[in-house]
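Thanks for coming. Please have the structure open while I talk.

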Amino acid sequence: MHPKSSFYSKMVLFGCVISILPLAALGFFSFMKSSTSVQNHVNGSNIQIMNQTNSNLEQVLRTVDYTLNYVINSNILQSALYRPLSYYDFQLYNKLREEMSLLQSPETKVTDVILANTTTNWLINNRGMYPFNEYASKNTLLTLMELQGNSNWVMLDTESLGSSDTLSYACPYTIALVKKMPLSASIARGVALATIPSCSLAAMMDSPSDSREVMVLDHDYRIIVHPEQAKLGQYLTDNGYAKEALNHFDSKSGQFETKIHNKPVSVTYARSDFNGWLYASFTEMSAITKESRSIGWFTLYICLLMIGLSVLLVWVGTRKMYTPIRRIFQHIVERLPEIQANKKSELQVIDEHIRDMFNSNTKLRSELRQTSQQLRTFFLHKLFLGKISPQEVMEQIELFGFEEQVSAWEHLAVFTLQIDMLDETRYERKDSDLLLFAINNIIEEMIPSAHRLPSVIIDLTQVTLIGRGGISLEEFNNDLYTLSEEIQKTTRHVLDLEVSIGISLPYESLSKTSRAYQEGLEALKHRIKLGTGVIIPYFSLNSGKHTRVYFYPMQLENELIDAIKLADEERAIELLKQWLDEVFRKDRTPHDYQISLIRLLNDLMIVMQENGIMLEQLDIRDSSLVEELLRLYTNPDIESWFKSRIIRPMVSVFRDRQDSQYQNLSEQMIEMIRNEFDRNITLEECASRLHYNNFYLSSVFKKETNMSFSEYLSQYRFKMSKKWLVETDMPIKDIAEKLSYNNSQNFIRSFRKLEGMTPGQYRSKYRAAP
């Protein structure tokens, strides 16, 4: 052992003994001051509970308020406010229901949303659509329309709303957000309600105890949220609180002591800036006093116990403290040359090893920087997909160091770039991610960092947010188009690849980035008509001016299905191309093209279902065919997808079935010919017996025997005639009748044509043969 190590152990022992003295003083002081500290602790705890309760509830309420504003201000609802609705307006009703569904989730606690238009007499809620004048709770809604202001939080009897969705929660009172519609008009045409059972909000509050009671009060000091349902709707003065003491709640927040039912109570409260609700906590003083005494004695006992244990541990610890240091030293020495280790004390060696650990820490920091880049990419994903609030956007922009450059931007736009096709290039589909990464690097090199945020890749789409300041809007649009041409040219030159670029409308606020991203994607969908290697600014689209009625090539689809059933792959692929050419010949919106494509896919899947073809037979298991189809935006990609994913697999299944089915059908038809060749049997009669279409049977028979039904029948009859001529003495006239010839001369002419001699000559020749 090194001398320095023994000195080190003694110093540790001395330090531990000295640390016991403050611990003893702390125990005595804690006992003397326990009452005051416990009360301060309880008050501080109550303040924390109030703030937490206020934060939890207001987060839900603000979300409901913001979402309901969004629904009321949506174009769909604004247009519906000025027109009557009936059950024929089911599309508009479905869109309104989709908007209303935004409000209802487990996080918002909303049980029902009511949209009532008193002017045009309609009402929509979770249960459906009704005439307003026939709605059971219309008087309640009319009363709510008379409230001051355009937005109010009110407490209502649950039964007064008459909503079965809200009644099912068995809560006697409901908190309702009431907004007049439209919000900006001086005269309301209707009212919108979002209802939350008071009991649902109570479940979000801190669990009460025997000595503490937490509640939420409205402007009239009426209890609107309370863990006990029985107290909902009561006024604070009904629960033993003196009316004169209500003045204590005049401040925004605070604490005071009062009496309830002649019992001293400590009150902590906070008033909401959002809707003026009062969050209050009532704690009995007797519980605080009792708790403070218990904690005082407990603290003293614990301190005494700690002193005893500390003495014991110091005594034992000082004897064993050096053991782990020695072990650490030995592990380190094993990795160092022996001479170098002997020249240093244990602590010096450990110090050097710790320095090595700091070097490792530097490497970890480098990895953390990489993680920061990943977080930045995740933030940009959420920004483009609209999954982040405007407030969070600015916080994240500042966090990642983009605040200065973004603040200088006056015009913003979103680039969306997609690779058109890889089938006819030197690349494979598995190279898509690598190619997009290369394009990402090209764009970041071409666009200065001051004019863009980092590029990201979302669902095989390269997305870049571009911003500029100090130029006009026209100059900004020209620069965008010029830049997109340069990007296309560079990509074509470097990667030998065609790409298409969608450009969103210019905008000014980052909060509209998700909308711009969708505009860029919508622009790219027009490649269905425009082809590959195009630049599509969103403002150039002829949105909303297309006709609503389009021709659908149903006849070509029927022929395509027939070709698939007959396992005629070449004919099926040809008909698919004709069908696609017919669909894309008309000028339509991408949405209309997709409807036709989905209709064709749906009809082909119906054929699969009707013929008992399972998706597993087509190697389709964990994917959605519709989603795959909607991700394609060019005609060649769509044609290739239908051929590889649907038509060829279906043709293969029908071909396998036909291989066995054809043989069976052909054998049955041949058996009929052999048994009934001596009468006027026809293809139509065979088809009727076998319950198949005669054209289908004709193609099956031709495929299996390489001759038509009539040819095979004639050949078999000719064979039988030769057999009868040689083996029997049946007159030629009788043979002709048995073979369904009209007269013997026809039979003789037909026999001579096929055999080169008359029936009589054939009989004489082969009978006389030895």
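One definition before the first helix: the expected span of a helix is 1.5 Å times one less than its number of residues. Keep in mind throughout that this is a predicted model.

With that, take helix H25, residues 709-727. It has 19 residues, and the distance from its first C-alpha to its last is 27 Å, close to the 27 Å expected at 1.5 Å a residue. Which residues of H25 are buried? They are Phe709, Tyr712, Leu713, Tyr716, Arg717, Phe718, Met720, Ser721, Trp724 and Leu725.

H25 packs against helix H28, residues 759-767, with the axes 8 Å apart and an angle of about 55°. That angle makes H25 oblique to H28. The crossing of the two is right-handed. On the H25 side, the contact is made by Lys722, Trp724, Leu725, Val726 and Glu727; on the H28 side, by Pro759, Tyr762, Arg763, Tyr766 and Arg767. By class, the residues of this contact are six nonpolar, no polar and four charged.

H19 contributes Leu576, Trp579, Leu580, Val583 and Phe584, and H20 contributes Tyr593, Ser596, Leu597 and Leu600. The count here is eight nonpolar, one polar and no charged.

Let me stay on Ser596, which sits in H20, residues 590-610. Is Ser596 buried or exposed? Its relative accessibility is 8%, so Ser596 counts as buried. Apart from neighbours within four places in sequence, Ser596 is in contact with Tyr552, Trp579, Val583 and Arg588. Of these, Trp579 and Val583 are among the H19 residues of the packing contact.

Now the backbone. The peptide bond from Met181 to Pro182 is cis, with omega near -10°. Pro182 is in the loop between strands E5 (173-181) and E6 (190-197).

Asn121, in the loop between strands E1 and E2, has phi near 60°, a positive value in a residue other than glycine. At 28% relative accessibility, Asn121 is partly exposed. Leu460, in the loop between strands E13 and E14, also has a phi near 60°. Leu460 is partly exposed, at 48%.

Notes:
Residues numbered from 1 in each chain as written. Predicted model: local features only at pLDDT ≥ 70, side-chain atom pairs only at ≥ 80, totals over all residues. Heavy atoms only, no water. Helix = DSSP H or I, 4+ residues; strand = E, 2+ residues; numbered from the N terminus. Buried < 20%, exposed > 50% of the residue type's maximum accessible area, 1.4 Å probe, protein only. Axes fitted to C-alpha atoms, helices over the stretch in contact; angles between N-to-C directions. Parallel < 35°, antiparallel > 145°, perpendicular 65-115°, else oblique. Left-handed = near helix turned anticlockwise from the far one by under 90°. Contact = heavy atoms within 4.5 Å. Nonpolar A, V, L, I, M, F, W, Y, C, P; charged D, E, K, R; others polar.
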